[in-house]
Amino acid sequence: MGILDKTKPIRFFLKIPPSNEETCEIHRHIGELPCPWPQCEKGIEDETIIGMYQFGIRKEHRFERKRWQSHDGEDRFSWIDLSLPIHSMSSKIIKEEVRRSLGVDPPFPNAIYHYTNIQGLHGIINSKEFWLTDHSYMNDSREIEYGLDIIRAAVKDLSSNPKYSEKLPIIGKWEKILDSRESYRICIACFSLEGDSLSQWRGYGGRSIGICLGFSVESAMFWHFLGLNLQRVIYDKEKQFAIAKIILHIYLTIIEWTQQKGMDVDEDIFGSSLITNLYQQLVFFKNPAFSDEKEVRWVYTEDKKMFPDDDALAPKHFRLDPNILVPYVTSTDVINMFKAKGFPVGNAQSKLLPLQEVIVGPQENEDLVRKSISEYLNEKGYGFVKVRNSEVPFRPKQSR
Ligand SMILES: [Zn+2]
């Protein structure tokens with residue numbers, strides 16, 4: 001930059017919550033700022049720009065272009081918000097880098113399906129909300145263990161790479177945090193890309209009738225909230241491993257940025273932020289043996305260190321299942337929490353859930369079940385929802 005370059009930085013308007021839209025397909029840049037690649041036609045020459053928020057106390061944020069290197073040594077660029085702690089930008093950097101390195105998921109179909117029973121249907125329609133279950137209480141605790149093993153393998157891979165030899169003390173500490181099993185609040189609602197699927201109905205039988213609820217994925221409810229993420233489950237082990245390595249590499253990179261600025265690295269904060277990011281991904285890792293389920297998860301993550309004030313967190317509810325008190329959060333509470341923090345929640349607070357279709361699982365008296373559901377939905381304002389029987393033929397359970 002020359003001496004003449006004394007003009008004020010250019011301003012860009014920013015949304016709250018931040019936009020999830022990809023604005024440069026080549027560099028997978030997300031959001032309202034120009035693409036951070038200096039040579040990109042969607043980019044900008046200026047090294048510093050201003051982002052203007054419409055809400056909040058600090059409306060003006062100064063961003064600086066940062067050049068860094070990917071895990072395999074390629075040039076990358078990001079805008080760094082100088083008024084925020086560096087670790088708070090990690091989620092976006094990770095998200096963009098995962099998309100750059102591993103490609104982008106195909107778009108969602110029109111609907112995603114939630115498999116439940118008649119009690120579940122009644123609960124969801126009656127309360128007009130989804131319940132997101134605390135992940136550590138989910139059916140299969142081995143699931144989280146599976147994801148942790150992938151991350152441990154990635155940590156090992158990094159520590160045996162001479163490129164990271166100077167970082168070994170930090171990496172060693174991460175291994176300890178991973179083993180400490182400190183609990184992070186991550187709550188999940190499960191869906192499938194497939195309605196009326198034989199493999200899903202298999203989980204039901206006997207006296208419990210399977211019911212499948214199809215929800216419009218376009219609904220504002222599923223999108224545009226900080227801390228909420230709707231994503232396909234990843235069953236590809238190599239992809240899981242690659243994602244874990246990307247996250248670890250980005251954390252080593254941002255720690256380096258902090259040190260370059262002569263600032264102290266608060267290992268507690270960085271460690272906690274890293275673990276949150278790892279958990280945010282590992283809840284989408286599943287054993288390839290389950291790929292039939294074609295699962296989609298709606299995940300709420302709470303980073304307590306970001307919001308140390310308890311009032312700012314989503315209230316904890318408990319349900320009985322049948323011998324355990326299972327903690328969960330409701331979609332209503334999460335939306336209200338963001339509203340209370342001053343975020344515009346728009347039409348996510350709709351009076352009805354984005355229900356499109358109900359499928360009654362294969363069983364003996366499905367016509368009567370279907371009739372009762374139609375009558376109930378009609379009464380609750382969902383007269384437009386199609387209720388149908390499963391096309392999978394009913395086969396009574398064999399007694400052995
Ligand atoms: Zn670009």
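**Helix 7 and its surroundings in a predicted model**

Biologist: How far does helix 7 reach from its first C-alpha to its last?

Modeller: This is a predicted model, in which local features need pLDDT of at least 70, side-chain atom pairs count only at pLDDT 80 or more, and totals for chains, interfaces and linings use all residues. Residues are numbered from 1 along each chain as its sequence is written. Helix 7 covers residues 267-282, a helix being a DSSP run of H or I with at least four residues, numbered from the N terminus. With 16 residues, and 22 Å expected at 1.5 Å a residue (1.5 Å times one less than the number of residues), helix 7 comes close to that expectation and reaches 22 Å.

Biologist: How are helix 6 and helix 7 oriented relative to each other?

Modeller: Their axes, lines fitted to C-alpha atoms over the stretch in contact, with angles from 0 to 180 degrees between N-to-C directions, come within 10 Å and cross at roughly 160 degrees. Because angles over 145 degrees count as roughly antiparallel, under 35 as roughly parallel, 65 to 115 as roughly perpendicular and the rest as oblique, helix 6 is to helix 7 roughly antiparallel.

Biologist: Which residue is the bridge partner of Trp68?

Modeller: Strand 5 (residues 60-69) and strand 6 (residues 75-81) run antiparallel, joined by seven bridges, where pairing needs at least two DSSP bridges. In strand 6, the partner of Trp68 is Arg76.

How values were computed:
Helix = DSSP H or I, 4+ residues; strand = E, 2+ residues; numbered from the N terminus.
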